[in-house]
Amino acid sequence: MPVQARRVFRLSFTVALSLAAAYALQVPLPFLAPLFAVMLTAAPNPPLGPRQLAGLIVIVLLTMGIGLLLTPMLDKYPVSAVLLVSLGVYFSMYLVVGKDKLLLGTFLAIGMTLMTAAGVVSLALATTVIKALAMGIGLAIICHWLVYPWFPEDNSHDDAPASAFGTVRDSKWIAVRATLIVMPAYLLTLTNPMMYLPLIMKSIALGQQSSVVDARNAGRALLGSTLTGGMLAILFWVLLDLVTNLWMFALWMLLFGVYLAGKLYHVFPGRHSEAYWKDVWVTILLLLGPAVEDSASGDDVYAAFFVRISLFIVVTLYAWFMIAGLEHLRERKRVSHGLSDRQLEQGI
């Protein structure tokens, strides 16, 4: 089997298996397991070893703990706490775009935002979120262990998608831009953490994706991936409604995963980047997961789905506006001061 086909089946089976395992075991926030499967196993590398998995979980617990430490400050010193969260988000985004530390930066951003928002509601909710994150990561990696021997990587090939983050030169500027994308969503989440939890994850994904697109292509990459993910999530829900059980849920995720992984690895031709299709997949999971929870609890699924997709579109439009606006101001500064591109990138 060609190596590209193996990558497609490996990723799609890992995501589908992690989804089935998370819902079968009834772990908290089960949609996080397939979400982390996309994040942790999309790169065509061998799975993490037991020691690496243990180290990753320790990093997650430490970053979540940092977020919990800031929770009391939100009650007594909200302005100072929000400034510290902003600084933490900036540092996490700089780790992603400047140091190519995608996992560390992502989990630090989640800890600074999601944990502080959950801690405002109650310590029990924050503890539940920590358990959900740790169990979701563990399930994603274990499923990768199970699937990888069937679709191993060919070490003789070196055509894996290159990391786009390593090519970013102006890391500090892009980290500031990403922080300005995440913080409004974070402030909104503080008003109702349970309702807007997926919005935090979406804004972090948008902040990271903004580092690999310029202002000219921001609308197509950011808004296009959100709308595509929303339409595919609606199609997924309609198909799942025909026969509603866990087996069909996992099967449809497998079939959708084959298509998305094929796009991500360029098996199916297309003009969009790996980051675009990864964000599409993230959007689908962030819309479907809460919808399943709403259905199980008897809430109005369609009203909640409409609210979430509307918020996703709004935060995406804001991200597009922020990128275009800041780049316009930056260009005006360069022209007015007669700076070269290199001098501007160096902050002169």
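Is Arg7 buried or exposed, and what is its relative accessible area? Arg7 is buried, at 1%. Buried here means under 20% relative accessible area, exposed means over 50%, and partly exposed lies in between (1.4 Å probe, protein chains only).

1. Basis. This is a predicted model: local features need pLDDT of at least 70, side-chain atom pairs count only at pLDDT 80 or more, and totals for chains, interfaces and linings use all residues. Residues are numbered from 1 along each chain as its sequence is written, and side-chain values use heavy atoms, with hydrogens and water left out.

2. Arg7 and Glu153. These two side chains form a salt bridge at 2.4 Å, N to O. The pair links distant parts of the chain: Arg7 sits in helix α1 (residues 3-25), Glu153 in the loop between α6 (123-147) and α7 (171-191), 146 residues apart. The criterion for a salt bridge is a side-chain nitrogen of Lys or Arg within 4 Å of a carboxyl oxygen of Asp or Glu. Helices are DSSP runs (H or I, at least four residues), numbered from the N terminus. Glu153 is buried too, with a relative accessible area of 12%.

3. Arg10 and Glu153. Glu153 also forms a salt bridge with Arg10, with 2.7 Å between the closest N and O atoms. Arg10 belongs to helix α1 and Glu153 to the loop between α6 and α7, so this pair ties together parts 143 residues apart in sequence. Both Arg10 and Glu153 are buried.

4. Asp279 and Lys202. Here the closest N and O atoms of the salt bridge are 3.0 Å apart. Asp279 is in helix α11 (residues 274-297) and Lys202 in helix α8 (residues 193-209), so the pair ties together parts 77 residues apart in sequence. Asp279 is buried at 4% relative accessible area. Lys202 counts as buried at 0%.

5. Network and count. Salt bridges that share partners join Arg7, Arg10 and Glu153 into one network. The salt-bridge count comes to 4. Side chains of opposite charge can pair when their charged atoms come close.

6. Helix α10. Buried residues of α10 include Phe249, Trp252, Phe256, Leu260 and Lys263. At the start of α10, a side-chain oxygen of Asn245 comes to within 3.1 Å of the backbone nitrogen of Trp247. His266 follows α10 and has a positive phi, near 65°.

7. Nonpolar surface patch. Leu17, Ile142, Trp145 and Leu146 make up this patch, with about 330 Å² of accessible area together. Patch residues have over 30% relative accessible area and no salt bridge; nonpolar side chains (Val, Leu, Ile, Met, Phe, Trp, Tyr) are joined within 5 Å, like charges within 9 Å. Areas come from the Shrake-Rupley method with a 1.4 Å probe, and for residues only the protein chains shown count as cover. Helix α6 gives the largest share, 3 residues. Ile142 is in α6 and counts as partly exposed at 38% relative accessibility.

8. Gly67. This residue is in helix α3 (residues 50-76) and counts as buried at 0% relative accessibility. Gly67 touches Gly111, Met115 and Thr116 (heavy atoms within 4.5 Å), not counting residues up to four places away in sequence. Gly67 and Gly88 are 21 residues apart in sequence and 9.4 Å apart in space, C-alpha to C-alpha.

Conventions: Helix = DSSP H or I, 4+ residues; strand = E, 2+ residues; numbered from the N terminus. Polar contact = N/O pair within 3.5 Å; in protein donor to acceptor, adjacent residues only side chain to side chain.
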